[in-house]
Each structure stands twice: as structure tokens, then as C-alpha cells.
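User: Hey, can you walk me through this one? I'd like to go strand by strand and then look at some side chains.

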Amino acid sequence: MKAQHFCVVAATLVSVVVIGKSAMMTVAEMGNEHGAHKHGKIEVPQGQAVPTVDVVVRKDAKKGWNLETKVTNFQFAPERVNTSPNPGEGHAHLFVNGKKITRLYSSWYYLENLEPGENKIKVTLNANNHADWASSGKLIEDTEIINVSEAENKKQQQHKHQGHN
């Protein structure tokens, strides 16, 4: 009886370790690249107005960058995040240099720092269930390239160290 109990316990522990390790590998494999995030895509239904997104990035007067996400035929619906998709609504995902930064639930977002050099700012429109909205197989997204000089970056850091917000 003790031997049978031991075998059941050992088998359970092995199963937990294997399943846990498998789950960790799946999460780790997802990565931060947008191409790697696994929410899928949803086509805008035929006859439905196709949403558009236009990203505008403006240098802030003190420091950082102000990002405006202009949309048409799309409503931000943060109160329905993680629910079934409805055409023409959802949220957006913000990526900087291929790394997902955050979800956007409205038009404006403040980016405190960008690295010196070329910065690729991308916004995708996403359904309530996080799937990318697409039209004719093409994701509904916009990208802006912002070049930050080393001097601009140093100025930003000085403001940060002086305690200015």
C-alpha cells in the first residue's frame, strides 16, 4: 500500500513539474515582439466601416514625447476589455522598437524616454479580446519613426535628475 501511495505521489509530482515547465516555456516563447504575441487577428466584417489609426508623436515642451492616436470608425472601450469582440471597438497596443509597452484605452499617451537613434513607434487596433483588427488580411496599425539625438537624450536625462516632471 505504501509503495502504491509513493508511486501515485511521485507520478503526480512529475506531472506537475512537466506541466509547469511546459507552461513556463510557452510564456517565455511568446516574447515581447508583436509578431510573437499570440492573440491572433480578426477581420472587420464585410459591410462594416473599416477603422483607421494615425499615430502622431510630438516632442513635449519639457521632456518626453506626447503620442496621439487618431482613430476613425473605432471606439475605445476599456470597460469591455477581455470580453467578446464587437466590430469597431476595443483598445490599442503600443510598441516601441518591437517591444510591447502598454495597452491604450484612449487617444493620448505620454512617453517619458526614447533611446538615442531611430525609434519605431507602432500602434495596433485591437478587439476586446486583444486580437488584432485586420482588413483584407492587413493589420490595422500605424508606425512613426522618431530620431532622437544624443544631445536630446542627455537633455531629457538632466530634466529627470533635477526632479522635474
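User: Let's start with Ala92. What is its bridge partner in β8?
Analyst: That's Leu125. Keep in mind that this is a predicted model.

User: Okay. How many bridges do β5 and β8 make, and in which sense do they pair?
Analyst: There are six bridges, and the pairing of β5 and β8 is antiparallel.

User: And what about β8 and β11, how many bridges there?
Analyst: Eight, and β8 and β11 run in the antiparallel sense too. One example is Lys120, whose bridge partner in β11 is Ile145.

User: Is β8 mostly covered or mostly open?
Analyst: Mostly covered. Seven of the ten residues in β8 are buried.

User: Let's pick one residue then. Where does Ile121 sit?
Analyst: Ile121 is in strand β8, which covers residues 117-126.

User: Buried or exposed?
Analyst: Buried, because the relative accessibility of Ile121 is 0% and the cut-off for buried is under 20%.

User: Which residues does Ile121 touch, apart from its sequence neighbours?
Analyst: Leaving out anything within four places in sequence, the contacts of Ile121 include Val55, Val57, Leu67, Leu94, Phe95, Leu114 and Ile146. Asp142, Thr143 and Glu144 are also among them. Take Leu94: that residue is 27 residues away from Ile121 along the chain, yet their C-alpha atoms are separated by 7.4 Å.

User: So which residues touch the most other members of the largest nonpolar core?
Analyst: Leu67, Leu114, Ile121 and Val123, out of 22 residues in that core. The elements giving two or more residues to this core are β2 (52-59), β3 (65-72), β5 (89-96), β8 and β11 (141-148).

User: New topic: rings. How many aromatic pairs are there?
Analyst: The count is one aromatic pair. Phe74 and Phe76 form it, edge-to-face, with 5.6 Å centre to centre and 90° between the planes.

User: Why give both a distance and an angle?
Analyst: Because a pair of aromatic rings is described by the distance of the centres and the angle of the planes.

User: Are Phe74 and Phe76 buried or exposed?
Analyst: Phe74 counts as buried because its relative accessibility is 8%. Phe76 counts as buried because its value is 15%.

User: Last thing. Which lysines lie over the face of a ring?
Analyst: Lys59 lies over the face of Trp65, 4.9 Å from the ring centre. Lys122 lies over the face of Phe95, at 5.5 Å from the ring centre.

How values were computed. Residues numbered from 1 in each chain as written. Predicted model: local features only at pLDDT ≥ 70, side-chain atom pairs only at ≥ 80, totals over all residues. Heavy atoms only, no water. Helix = DSSP H or I, 4+ residues; strand = E, 2+ residues; numbered from the N terminus. Buried < 20%, exposed > 50% of the residue type's maximum accessible area, 1.4 Å probe, protein only. Contact = heavy atoms within 4.5 Å. Phe/Tyr/Trp six-rings, centres within 6.5 Å; stacked < 30°, edge-to-face > 60°. Lys NZ or Arg CZ within 6 Å of the ring centre and 35° of its normal. Core = buried A, V, L, I, M, F, W, Y, C linked by side-chain atoms within 4.5 Å. Pairing = 2+ DSSP bridges.
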